[in-house]
Amino acid sequence: MDLTKPPTKACHNCRRQRLRCDRSYPNCNKCIVAGKECLGYGKLFRWTGAVASRGKLAGRTSTAPVDVVGQPAARNSPLVAGGQVETRRDISLQGYGGNMQWSTISPSPACVVGGPRALADPLYQDMQYSHRYYLSYFTNRVCKDLVSQDLPERNPFRGLLPLTRAHPLLQHIIVAASAAHMSNLVRAPLAYQFKGTEDGIAACIEQASRHALQDALVAKSKALTSMRGAVENISTTGGDVVLAAALFFINVELIESGKHGWKAHLEGAGRIMSLLQPNMVADAALRDYMLSDCFIYFILASAFMPAASFNTQSYFQPSQIPLILQRAAANSYLCCPPEILTILHSASQLSNISPDVASEDDVRTAGQLLIQQAQSFDINAWANDVCNMSSLQDAPIQSRIHAGSAHRLAACLYILQAIPSLSSMSDHDEVAEALSRDIFKHLSSIPDDDPNFKATTWPTFIAGAEAVDCARREWVMDRLQRLVRSCPWGFIYTAMETLQAIWDLDSKGKGNKSWVQALKDPQMNFLIV
């Protein structure tokens, strides 16, 4: 939809009720005043579980009923009673290949999470029910985590959905990411919501989480099997499809824990990027976001990786970083200025430089210059740039300023700790304390329900690594726990574990080197974004 022009048709609600629509975008004011959720003006997917209103099937539901916790229909459901849920699913969870039949089994994630139902679009009916359900969950929930502002028809990752029909590789890896995400959602936010309730509900939630995780592992295994053939025939499969698969392999690892497995997939993504041809672009916006995410992962991984153990350097050229990051900066999920990410990458390179290459004085001078560049960057101007884009005019500018400022301050703190020679600065501790204090101030100004709240994991982690008093450490842990309820990605749990390991070094008197150098231990091997 061209957002520079008003919609040419009434919203779906007004069309159904045959009302005059004011065609406001993105939501019709008539719907808002009536307290209804406006269905918008774009393509409307049809979901299973609906009740037929006319004809021979009047009053009957479709073949995939879904109980939703908290809704009237769910009050008498087996889930609320803590019992088994009768649902139509494949008995053979190992391969999804068996005959479909009615059976009483462990609760499916659908009956616990509710929300999106399996895609009923005729184009997707050749897919098994479980895949259609997880693809629906991808479009309605996972996609929101991949951008800063999730706007109708402006989230390029939803453009991957049609490609899943023709490319089983993409279908399997997106199903894996969605199922893993749902498993975390059920285990953490939903378990927290029902904390203190009867044991039956808690057991049901735990079973549903394990069920989704099993689905994720099966889909991930199938995607891995398909990936080799896709890479060997990249010209036939399509470079953008293979790159999307590589990116979501990384995302699956981040959703699971952010440990170990992401590294090989990031290197693979780098190799694929080097093979992409400009004239192969199917969706320029989608490719920009995929390339940008890969570069963001590369930069944040470099921050805590020894140079000798990171083999992706040759695929991610420093000269490409600013240009690629800039193309997706306005709506990047990280809400961090590309210039700050470029400074962070330069700092990570300085932290690993050998004395044979540059003297200690030269490295110190270069580090101080990077801090000055970061501090002089105009965050307000960067944050307000989105006002020039019609699709982002309603973006929360103030929280964008706070998120960008937190990232800038975190980059400065990282530089102070990552370059050993900077510790000799006379005002090192005072500068670090001032930076930490300002980070907490900016982070505290972003409420949990703000779209940019999910963008603050990395600065929260840096602030926590720098914290020495109990009050700040407790604040950081509480915020990370709230973050994982808002954005259930497993790397946030890893961030908590890593911070505890850093704090334990101090309590045992082993903190004789900076926490950045301590985190460069090859055994750590984690990615926090």
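# Helix packing and selected residues in a predicted model

The crossing of helices α11 and α12 is left-handed. The residues in contact are Trp-262, Leu-266, Ala-269 and Met-273 on the α11 side, and Leu-291, Cys-294, Phe-295, Tyr-297, Phe-298 and Ala-301 on the α12 side. By class, this contact has 10 nonpolar residues, with no polar and no charged ones. Helix α11 covers residues 262-275 and α12 covers residues 284-302. Their axes lie 11 Å apart and form an angle of about 130 degrees, and the two helices are therefore oblique to each other.

The structure described here is a predicted model. The protein chain has 529 residues, of which 53% count as buried. Its secondary structure consists of 22 helices and two strands. Among the contacts in the chain with a separation of 6 or more, 69% are between residues 24 or more positions apart.

Two packed helices are described by the angle between their axes and the distance between the axes.

| Helix pair | Angle between axes | Distance between axes |
|---|---|---|
| α11 and α12 | about 130 degrees | 11 Å |
| α17 and α18 | about 155 degrees | 9 Å |
| α18 and α19 | about 140 degrees | 10 Å |

Helix α17 spans residues 397-418, and helix α18 spans residues 428-444. With an angle of about 155 degrees between them, α17 is roughly antiparallel to α18. The crossing of α17 with α18 is left-handed. On the α17 side, the contact is made by His-402, Ser-405, Ala-406, Leu-409, Ala-410, Cys-412, Leu-413, Leu-416 and Gln-417. On the α18 side, it is made by His-428, Val-431, Ala-432, Leu-435, Ser-436, Asp-438, Ile-439, His-442 and Leu-443. The residues of this contact comprise 11 nonpolar, six polar and one charged.

Helix α18 also packs against α19, at an angle of about 140 degrees. The crossing of α18 and α19 is left-handed. Ala-432, Ser-436, Ile-439, Phe-440 and Leu-443 of α18 meet Pro-459, Thr-460, Ala-463 and Glu-466 of α19. This contact has six nonpolar, two polar and one charged residues.

The buried residues of α19 include Thr-457, Trp-458, Phe-461, Ile-462, Gly-464 and Ala-465.

## Individual residues

Asp-145 belongs to helix α5, which covers residues 129-145. Its relative accessible area is 8%, so Asp-145 counts as buried. The side chain of Asp-145 forms a polar contact of 2.8 Å with that of Arg-141. Leaving aside residues up to four places away in sequence, Asp-145 touches His-181, Tyr-333, Lys-454, Cys-487, Pro-488 and Trp-489.

Two residues in loops have a positive phi without being glycine. For His-260, phi is about 60 degrees. His-260 lies in the loop between α10 (239-256) and α11, and with 45% relative accessibility it counts as partly exposed. For Cys-335, phi is near 50 degrees. Cys-335 is located in the loop between α13 (321-327) and α14 (338-351). Is Cys-335 buried or exposed? Cys-335 is buried, with a relative accessible area of 0%.

Ala-518 is part of helix α22, residues 515-519. Its relative accessibility is 16%, so Ala-518 counts as buried. Ala-518 and Ala-501 are separated by 17 residues in sequence, and their C-alpha atoms are 9.8 Å apart in space.

Methods. Residues numbered from 1 in each chain as written. Predicted model: local features only at pLDDT ≥ 70, side-chain atom pairs only at ≥ 80, totals over all residues. Heavy atoms only, no water. Buried < 20%, exposed > 50% of the residue type's maximum accessible area, 1.4 Å probe, protein only. Helix = DSSP H or I, 4+ residues; strand = E, 2+ residues; numbered from the N terminus. Polar contact = N/O pair within 3.5 Å; in protein donor to acceptor, adjacent residues only side chain to side chain. Contact = heavy atoms within 4.5 Å. Axes fitted to C-alpha atoms, helices over the stretch in contact; angles between N-to-C directions. Parallel < 35°, antiparallel > 145°, perpendicular 65-115°, else oblique. Left-handed = near helix turned anticlockwise from the far one by under 90°. Nonpolar A, V, L, I, M, F, W, Y, C, P; charged D, E, K, R; others polar.
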